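Please keep the picture open as you read.

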Amino acid sequence: MSILEKNTPKHTASVPARTGRPLSQRIFGNALRPGYLTYGLLLAFFLGSAYPLWWSAVVGSRSNEALGLEWPPLLPGGNFWTNVGEVFDTIPFWTALWNSILISTIITVSVVTFSTLAGYAFAKLRFRGNAALMVAVVATMAIPTQLGIIPLFMVMRTFGWTGEIGAVIIPTLVTAFGVFYMRQYLVDVIPDELIESARMDGANMIKTFWHVALPAAKPAMAILSLFTFMMAWTDFLWPLLVLDPGNPTLQTALSQLQSNRYVDYSVVLTGAVMATIPLLILFVVAGKQLISGIMQGAVKG
């Protein structure tokens with residue numbers, strides 16, 4: 001027997017070869033896998049969230065008498081297209097749809113752009129009054145929106161913008177939540193050394209933002225754009241006050257379906273389902289890119 005064989009511990013022969021995975025994953029890999037309880041809870045949450053939309057679609061495809069049945073219907077009827085025709089005859093649906101798409105798109109692009117720029121400035125640039133300005137931005141989030149509606153309406157009336165789409169777009173071109181969210185994201189995801197390296201290579205402030213901050217901020221920008229589009233799409237109070245009934249957004253137009261003395265809830269729910277379809281299309285189209293952006297940011301982090 002050689003000297004090497006004598007000095008080699010016998011228990012080393014039973015040590016398994018490395019699999020290339022982290023130790024915690026090799027030990028607790030099976031324990032961390034989701035079980036039946038996890039999938040059961042996810043299924044329950046999904047059904048609980050999807051049922052109101054499904055029930056609206058079921059009632060919207062029937063007549064108003066479906067609401068008076070002893071047992072609520074669970075399957076769609078054959079009255080959907082008749083109710084769709086009633087919606088088209090009652091409200092300017094296509095005008096309202098175009099206004100909602102235009103307003104939501106412009107607000108989303110503006111909020112994401114300005115919030116990313118301001119968030120990067122608050123997170124990585126050093127200037128006098130940085131902390132005080134950030135506190136002022138956060139403080140505006142504590143003020144209810146309803147308190148500013150009357151002064152804002154007076155300003156819009158002074159400018160002669162009441163009844164115009166710009167009166168809905170301009171007050172929400174940037175939001176305090178967007179600035180705070182992007183600042184909190186960028187303050188940790190971008191190392192200061194990376195910015196200093198870019199400056200040492202001769203990059204000015206704009207190039208540093210474009211080549212360093214912007215790629216790192218894409219996952220947060222995707223999340224912010226989705227939430228902003230949804231908030232702009234579902235906004236009701238301010239467009240109801242500032243826009244004319246003949247030039248409404250989709251949400252304010254739906255309120256006209258129940259302005260009469262007799263309310264046909266099947267027609268109202270049909271309009272609600274029609275207003276939800278664009279959001280569902282957005283989730284289907286942008287969902288894959290959104291998830292990939294989030295996962296890319298998580299891997300880089």
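Let us begin with a sorting rule: Ala, Val, Leu, Ile, Met, Phe, Trp, Tyr, Cys and Pro count as nonpolar, Asp, Glu, Lys and Arg as charged, and the others, Gly among them, as polar. By that rule, the lining of the largest pocket has 18 nonpolar, ten polar and one charged residues. The model is a predicted one, in which local features need pLDDT of at least 70, side-chain atom pairs count only at pLDDT 80 or more, and totals for chains, interfaces and linings use all residues. Residues are numbered from 1 along each chain as its sequence is written, and side-chain values use heavy atoms, leaving out hydrogens and water.

**The overall fold**

- The protein chain has 14 helices and zero strands; helices (H or I, at least four residues) and strands (E, at least two) are DSSP runs, numbered from the N terminus.
- Of the 301 residues in the protein chain, 31% are buried, where buried means under 20% relative accessible area, exposed over 50%, and partly exposed in between (1.4 Å probe, protein chains only).
- Among contacts (heavy atoms within 4.5 Å) with a separation of 6 or more, 72% join residues 24 or more positions apart.

**The largest pocket**

- A pocket is found on a 1 Å grid over the protein atoms alone, as an open set of points where a 1.4 Å probe fits, with protein on both sides within 12 Å along at least five of seven lines; lining residues have an atom within 4 Å of a point.
- The largest pocket holds about 980 Å³ of space, a volume being the space filled by probe spheres set on the points, which are joined across faces, edges and corners.
- Its lining counts 29 residues, and Thr 145, Pro 171, Thr 172, Val 174 and Thr 175 lie nearest the centre.
- At least two lining residues come from each of helix 5 (93-124), helix 7 (149-159), helix 9 (176-189), helix 11 (205-234) and helix 12 (237-242).

**The nonpolar cores**

- A nonpolar core is a set of buried Ala, Val, Leu, Ile, Met, Phe, Trp, Tyr and Cys residues joined through side-chain atoms within 4.5 Å.
- The largest such core has 32 residues, and Tyr 120 and Ile 190 touch the most other members.
- Helix 11 gives the largest share of this core, ten residues.
- Apart from this core lies another of 18 residues, among them Val 84, Phe 229, Leu 257 and Met 274.

- Where is Ser 115 found? Ser 115 sits in helix 5, and it counts as buried because its relative accessibility is 0%.
- A polar atom of the Ser 115 side chain lies 2.6 Å from the backbone oxygen of Val 111.
- Leaving out residues up to four places away in sequence, Ser 115 touches Val 174, Thr 175, Gly 178, Val 179, Met 182 and Leu 224.
- Pro 248 lies in the loop between helix 12 and helix 13 (250-255), and it counts as buried because its relative accessibility is 2%.
- The C-alpha atoms of Pro 248 and Asn 99 are separated by 7.1 Å, although these residues are 149 residues apart along the chain.
- Besides Asn 99, the residues that Pro 248 touches include Pro 92, Thr 95, Ala 96 and Leu 243, not counting residues up to four places away in sequence.

Note on methods: A polar contact is a pair of N or O atoms within 3.5 Å; within protein, one must be able to donate a hydrogen and the other to accept it, and residues adjacent in sequence count only if both atoms are side-chain atoms.
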